[in-house]
Amino acid sequence: MLQAHSYLWHYLWVAPNLYLLVLAYWMWRRGRRRNYPVFFTFAIVASLGQLILYAADIIPWVSADAFWTVLWCGLLVEALVKFVLIGELFEHIFGPYKSLVKFGKILIRGVGAVLVFIAALVAAFSPVSNPHIIVSGPHLLEQTIYLIESGLLLAIFVLAAYFRLSSDRTSLGICLGLAISACVHLATWAVAANNSSKEVSVLLDLLHMGAYHVSVLIWSYYLLVPEKAPKKHRDPSTGPSAGPSAGSPHEEDLDVWNRELERLVH
Amino acid sequence: MTIAIILVVAALGTLIVILTFTVSQGLQSSGRTGPATEIRPMDVAAFRNLVDPAEDDYLRRRLPASDFRLVRRERLRAMAAYVQSAKRNAEVLVRIAQNSTLAADAQTAEAARRLEDHAHLLQRNCMFAIVKIYIALAWPNSSLAAAPVLQGYEELNHSAMLLGRLQNPAATMRI
């Protein structure tokens with residue numbers, strides 16, 4: 001079961017990509033691709049890329065060189081789309097807050113530059129897993145991409161937490177899925193680069209395919225399951241402490257709030 | 001192998017932080033209670049005195065250098081406590097504003113959005129101010145600009161007052 005070309009291995013390589021394609025189709029039918037055009041593109045590019053790679057792996061007449069060339073191309077295109085997707089998510093999370101957009105952009109660019117530097121250093125000092133550059137290259141490239149990706153996502157989450165931004169649920173879900181995939185991939189590639197055992201390599205492959213499957217399920221959940229509509233306050237005199245779940249307005253809450261505001265001034 | 005261990009630890013740490021944030025975000029939206037009671041009172045006049053460069057100049061002229069550094073560090077510590085308090089109040093006001101942006105009345109919703117904007121601006125200024133204060137603690141003779149925090153805090157007060165008035169026009173408010 002936990003071997004290359006087992007049923008589980010085939011399932012984990014093919015199924016998440018098929019689910020992702022179905023999700024993209026659903027987004028197109030429901031018009032949600034207009035809200036998340038880059039995620040829509042990512043869903044198609046990533047899933048088709050992986051399915052082509054799977055086909056290249058199992059078709060006997062595809063040479064090893066051709067397989068690794070397909071992997072290189074897919075990796076470069078996917079990386080480009082992923083970074084544009086992070087930009088889209090940033091816009092969704094910080095866009096509604098005028099006072100934070102500019103600051104956030106400067107900070108994210110700074111974090112990005114530092115991460116590129118760190119990733120280049122890590123790549124320079126990482127052991128080469130295979131003497132053929134066409135094989136070891138993608139490993140290093142993936143490690144570099146996942147390091148930058150997880151760092152950028154962490155920066156977005158930390159900033160959103162610091163400023164207590166009420167980010168929209170779908171963006172948060174897409175970010176979470178990307179982060180799980182990026183972090184698990186980063187860890188597995190780091191271990192794989194230092195490991196020559198084939199059994200361990202297969203286990204790590206299964207682990208990162210499983211993580212990708214979980215990510216696809218998270219994206220599906222956040223995109224397919226509708227968010228509970230928040231209740232609008234009917235009465236304009238509803239107190240500040242009466243949140244969306246708080247039902248009827250409380251006069252006492254208003255008094256407390258006003259008292260606290262007076263204390264705040266003096 | 002060392003790089004691999006560092007990367008695995010970094011990846012796990014990142015994942016834990018992100019999952020913690022996601023869970024806390026979910027809990028936050030499901031259980032919001034009266035945040036107004038969490039606002040801590042702040043003596044703005046005393047804070048203004050602390051950040052006034054003229055006060056620092058006066059102390060610099062009057063005190064010997066070593067005494068000045070001691071006093072300045074004490075003042076910086078007090079300033080840090082004020083800024084932390086302002087940041088906490090801004091966080092509470094962000095939550096109040098987020099609750100009120102759902103108000104049916106457009107004017108109230110707009111005031112809530114403005115309050116949220118001002119509160120975020122203050123949070124950002126507090127972040128910078130804290131960094132500057134800690135740098136100044138190491139180098140007490142440097143000039144320090146915590147004035148944006150004060151200015152932001154006063155703007156925040158005005159926004160909060162406006163939202164309060166819109167939500168309860170009958171209540172008497174001193175601005």
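Analyst: Of the 266 residues of chain A, 37% count as buried, that is, with 20 or more other C-beta atoms, placed from the backbone, within 10 Å of their own. This is a predicted model, in which local features need pLDDT of at least 70 and side-chain atom pairs count only at pLDDT 80 or more, while totals for chains, interfaces and linings use all residues. Residues are numbered from 1 along each chain as its sequence is written, and chains are lettered from A and ligands numbered from 1 in the order in which they are written.

Chain A has eight helices and zero strands (DSSP runs of H or I with at least four residues, and of E with at least two, numbered from the N terminus). Helix 2 (residues 37-58) of chain A packs against helix 3 (residues 64-94) of chain A at an angle of about 165°, their axes being 9 Å apart; the axes are lines fitted to C-alpha atoms over the stretch in contact, and angles run from 0 to 180 degrees between N-to-C directions. Helix 2 of chain A is therefore roughly antiparallel to helix 3 of chain A, a term for angles over 145 degrees.

Contacts here are pairs of residues whose C-beta atoms, placed from the backbone, lie within 7 Å. Among the residues of helix 2 of chain A that take part are Phe39(A), Phe42(A), Gly49(A) and Asp57(A), and the helix 3 side includes Phe67(A), Gly74(A), Lys82(A) and Glu88(A). The residues of this contact divide into 16 nonpolar, three polar and four charged, where Ala, Val, Leu, Ile, Met, Phe, Trp, Tyr, Cys and Pro count as nonpolar, Asp, Glu, Lys and Arg as charged, and the others, Gly among them, as polar.

Across chain A, among contacts between residues at least 6 apart in sequence, 70% join residues at least 24 apart.

Methods:
Angles under 35 degrees count as roughly parallel, over 145 as roughly antiparallel, 65 to 115 as roughly perpendicular and the rest as oblique. Two residues are in contact if their C-beta atoms, placed from the backbone, lie within 7 Å. A residue is buried if 20 or more other C-beta atoms lie within 10 Å of its own, exposed if 12 or fewer, and partly exposed in between; C-beta atoms are placed from the backbone.
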